[in-house]
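Biologist: Hello! Could you take one part of this model and walk me through a close look at how its pieces meet, giving your cut-offs as you go?

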Amino acid sequence: MMTSIVEVNNAVRTYRMGSSKVHALKGVSFEVREGDFLAIMGSSGSGKSTMLNLIGCLDKPTKGTIHINGVNIAKLNDDGLTDIRRDNIGFIFQQYNLIPTLTALENVEIPMIFKRLSPKKRRKKALRMLELAQLGREYATHKPGELSGGQQQRVAIARALANDPPIILADEPTGNLDSKTGKGVMELLSDLNRKGKTLIVVTHDPKIIEYSNTTIYLQDGEVVDEID
Amino acid sequence: MKLIKRIRRNMYAQLAERNLRRQKVRTALAAIGIIIGVMAIASMGILGNTLKLSVSESFSDVGDKLVIYPAMGEDSVTQDQVNRMERIAGIEHIIPYRSSGEAVEYRDETSYGTVYRMKESNLRHLVDMESGRFFKEGSTDCVLGSSVASNLELEVGSKIEIEDTRLRVVGILKERGMSVDISTDSGVFVSHDMYSKLYPDAEEDYRQVIVIVEDIALVDTVKTELEDTLNKREKKIEIFAANSINEQIESAFQSISMFLMGIGSISLLVAGVSILNVMLMSTMERTREIGIMKAVGASRSDVLRMFLLEALILGIFASLLGGIVTVVGSLTLIYFIMEDVTYFFDPTTFLYIIAGIFFGIVTSLIGGLYPAWKASMMNPLDALRYE
Ligand SMILES: Nc1ncnc2c1ncn2[C@@H]1O[C@H](COP(=O)(O)OP(=O)(O)OP(=O)(O)O)[C@@H](O)[C@H]1O
Ligand SMILES: [Mg+2]
């Protein structure tokens, strides 16, 4: 029997902008089972990133519960959220978000520092992750500025894998890439999913359905459709 | 070396080093602030300390002496009082004397000195002979202090004239320097008979009495005893304890050192503010980076530690540099001013340098505390959105 690794229950996220309120999520519920590939789609401003940030423990719901591996993150403090994030989540961003002063290899090492891995183990594992993300070994010592968008995203994927998180979250991972490079990245991600990672991808790109096994559609902060 | 290697392998330290290198000019400016602060504290302390040491050195070791002189309204210390002093325990020597300032002539030259009437045996307790011998009681011989002798270019055997009376110089004393009892360097020491010849009207009583105690630890006890004995009914005498001057010098220079170090502290405070400023700018610039770190698993304390480590590395580096500059700088300065660097190698000097370095590091840490705390409290999402 497949267990739910992510369980979103009536999640509400309201942003306060001075006196007015923005209802980014108005009570969203869904489940993600271990090994799933969930795609979240919807128009701009529908609340996709907000949803992903909640699952990624970068934010907390205003109301409702979100369970990651059985832990309700709505109840956690900053340190608790950090622990869950570090041990369970690998984040991939549209803008790659690599640290520009560090080499590709060092960028991949960063999450392992916070996991208190020894320098030797870090280096070895970072190399392995870069290999897994299919970045040529010769690029390991390059700084992000010296890499193409696709290569940078591969570094970001390697970094997301560094602490062996069961869940990988990606917010428009192909948004800044041309279609060919984007396809390569999507194939890499779905390959990771086949190897057992639970994958949640936010995207505008309808072609995602070729890879995902569940897709939910958001509109104005609500789930309007779900396809399995 | 191994430790340095280990620290350099530490990724936190690598990150800190890299970030400090990233803004070289700014880091250098912050470091200069700390360097100057450390230099100010340490060199001010050293300066005060060297002054103190060189001054207290020029006072001879007089800690075991008490000087007794008549109280206000009294003319002199009497023989009876001296007799009563002799009954007090813990006293090694009692040296009563009478003196008078006088012109000393030799050929056509004149110098000024003080003629002392003091027992030859007592004089031996106060001074050392450079050349010649002590005078014999009852003779017309005299013993001269070093400065009188050198002013008039006298030797043993020269004949000087005081108040139209000729005296034969039989001994010249070693230089003794500044002193709290009597200035032997400008003294002319004569026997009781000779003094009476020079000053027929002179009384038998004494102008002052120098008391040498058996042990320096007894100074205060003997002083109290003397006061109890001699000032029982009314205040007849004053007692000056020589060790009190050392204490006074000590405390005066303590305040000078403190004052100078206070000035140093102000410059260190300014340095601390500049560290605060640099680190604050750095956290602002690296907001996005902090967001990334948090998104990939950095906790608040991780971020705090990273930024504090940066401040610490900057502080240690700058403070050590400041310490080295201080050693080199003050050694050169002291060498050129005093031409003698022995006081510099006093252990206290190194205490001041260590204190300077310590305060430099602490200041850096304090300066880095607020920026580090601010960085650690950043919300990861806001930080990631920051442009
Ligand atoms: N920090 C914030 N403060 C205020 N409002 C916000 C904040 N973040 C998001 N919102 C609002 O919440 C709503 C949902 O935003 P969200 O970023 O989740 O949309 P999205 O679906 O990811 O859009 P896009 O496809 O353009 O990335 C929007 O109306 C947005 O303006
Ligand atoms: Mg978005």
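Modeller: Gladly! Buried area here is the accessible area, for a 1.4 Å probe, that two parts lose on being put together, summed over both. By that rule chain A and chain B bury about 2400 Å² between them, and 62% of this lies on carbon and sulfur atoms. This is a predicted model, in which local features need pLDDT of at least 70 and side-chain atom pairs count only at pLDDT 80 or more, while totals for chains, interfaces and linings use all residues. Residues are numbered from 1 along each chain as its sequence is written, chains are lettered from A and ligands numbered from 1 in the order in which they are written, and side-chain values use heavy atoms, leaving out hydrogens and water.

To the interface, chain A contributes 26 residues and chain B 23 residues, with contact meaning heavy atoms within 4.5 Å. Two salt bridges link chain A and chain B, each a side-chain nitrogen of Lys or Arg within 4 Å of a carboxyl oxygen of Asp or Glu. In a salt bridge between Arg300(B) and Asp78(A), the closest N and O atoms are 3.2 Å apart. Over all chains, the count is 25 salt bridges.

Now for a run of helices inside chain A (DSSP runs of H or I, at least four residues, numbered from the N terminus). Helix α3 (residues 104-114) of chain A packs on helix α4 of chain A at an angle of about 120 degrees, with the axes 9 Å apart; axes are lines fitted to C-alpha atoms over the stretch in contact, and angles run from 0 to 180 degrees between N-to-C directions. That makes α3(A) oblique to α4(A), the class left once angles under 35 degrees (roughly parallel), over 145 (roughly antiparallel) and 65 to 115 (roughly perpendicular) are set aside. Their contact has eight nonpolar, no polar and five charged residues.

Among the α3(A) residues meeting α4(A) are Leu105(A), Val108(A) and Ile113(A). Glu109(A) and Arg122(A) also pair through their side chains, in a salt bridge of 3.1 Å from N to O. Because Glu109(A) lies in helix α3 of chain A and Arg122(A) in helix α4 of chain A, the pair ties together parts 13 residues apart in sequence.

On to the next pair: α4 (residues 119-132) and α5 (residues 149-161) of chain A pack at about 125 degrees, with axes 8 Å apart. α4(A) and α5(A) are therefore oblique as well. Here Met129(A), Leu130(A) and Leu132(A) of α4(A) meet Val155(A), Ala158(A) and Leu161(A) of α5(A). By class, the residues of this contact are six nonpolar, no polar and no charged; Ala, Val, Leu, Ile, Met, Phe, Trp, Tyr, Cys and Pro count as nonpolar, Asp, Glu, Lys and Arg as charged, and the others, Gly among them, as polar.

How values were computed:
Helices (H or I, at least four residues) and strands (E, at least two) are DSSP runs, numbered from the N terminus.
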